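Hello everyone, and thanks for making time this morning. Please have a look at the model on the screen, and then I will walk you through it.

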Amino acid sequence: MRKIFILLACAMISLLLSAEDVKKSERFYFFYSDSCPHCHEAMPFVDELEKEFPNIEFKRLELSKAPENMAIFNKKVEKLGIKGGGVPTFVFRDQYIVGFKKGVYEEKIRAMIGKTARKPVKE
């Protein structure tokens, strides 16, 4: 009986860990520069998105100080055919938006995520 209980407990823990892996299996990339005022304006919005979409992993990658982040950015630019390659750039799956203006871009970015992401969790 004790062995069955231990096996069940292990199975439940395994399922919970697997569910957590699935929960954050999608990635949203926010490419920015510390010197960009539009990027700084976008940062609180990205904070909001993280709360709205807890099933997505948000990657904030600063480009001016980290060559490894610039390499990731350049791969995304090439793969998606992004023209200009400025910041801020938001990438989710095979979609992207370049630029940010408060009051204008928020719904576009939410729509980009909402088209392909699992349904957001409402609190």
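Let's begin with asparagine 55, which is buried, with a relative accessible area of 6%. By buried I mean under 20% relative accessible area, with exposed being over 50% and partly exposed in between, using a 1.4 Å probe and protein chains only. Asparagine 55 is found in the loop between H2 and E2. Its C-alpha atom is separated by 7.3 Å from that of glutamate 26, although the two are 29 residues apart along the chain.

A word on what you are looking at: this is a predicted model, where local features need pLDDT of at least 70 and side-chain atom pairs count only at pLDDT 80 or more, while totals for chains, interfaces and linings use all residues. Residues are numbered from 1 along each chain as its sequence is written, and side-chain values use heavy atoms, with hydrogens and water left out. The labels H and E stand for DSSP runs, numbered from the N terminus: helices are H or I with at least four residues, and strands are E with at least two.

Now the sheet. In what order do the four strands of the open sheet lie? The order is E2-E1-E3-E4, and the pairing is mixed; two strands pair if DSSP finds at least two bridges between them. Strand E2 (56-62) and strand E4 (95-98) are at the edges with a single partner strand each, so one side of each has no neighbour in the sheet. On average, neighbouring strands are turned by 15° against each other, direction ignored. Angles here run from 0 to 180 degrees between N-to-C directions, and axes are lines fitted to C-alpha atoms, for helices over the stretch in contact.

Strand E1 (residues 26-32) and E2 run parallel, joined by seven bridges. Contact means heavy atoms within 4.5 Å. E3 and E4, in turn, are antiparallel over four bridges. Their hairpin has two residues between the strands, and arginine 93 takes a positive phi near 55° in it.

The largest nonpolar core has 20 residues, and Phe28, Phe30, Leu49, Phe90, Ile109 and Ile113 have the most contacts inside it. Such a core is a set of buried Ala, Val, Leu, Ile, Met, Phe, Trp, Tyr and Cys residues joined through side-chain atoms within 4.5 Å. E1, helix H2 (37-52), E2, E3 and helix H4 (106-116) each supply at least two residues of this core, and H2 gives the most, with six. A second, separate core of nine residues includes Phe73, Val77, Ile82 and Val91.

Finally, H2 itself. This helix bends by about 30° at methionine 43, and proline 44 follows within four residues; the bend is the angle between axes fitted to the seven residues ending at a residue and the seven starting there. Cys39, Ala42 and Leu49 are among the buried residues of H2. Leaving out residues up to four places away in sequence, glutamate 41 touches Phe100, Lys101 and Lys102.
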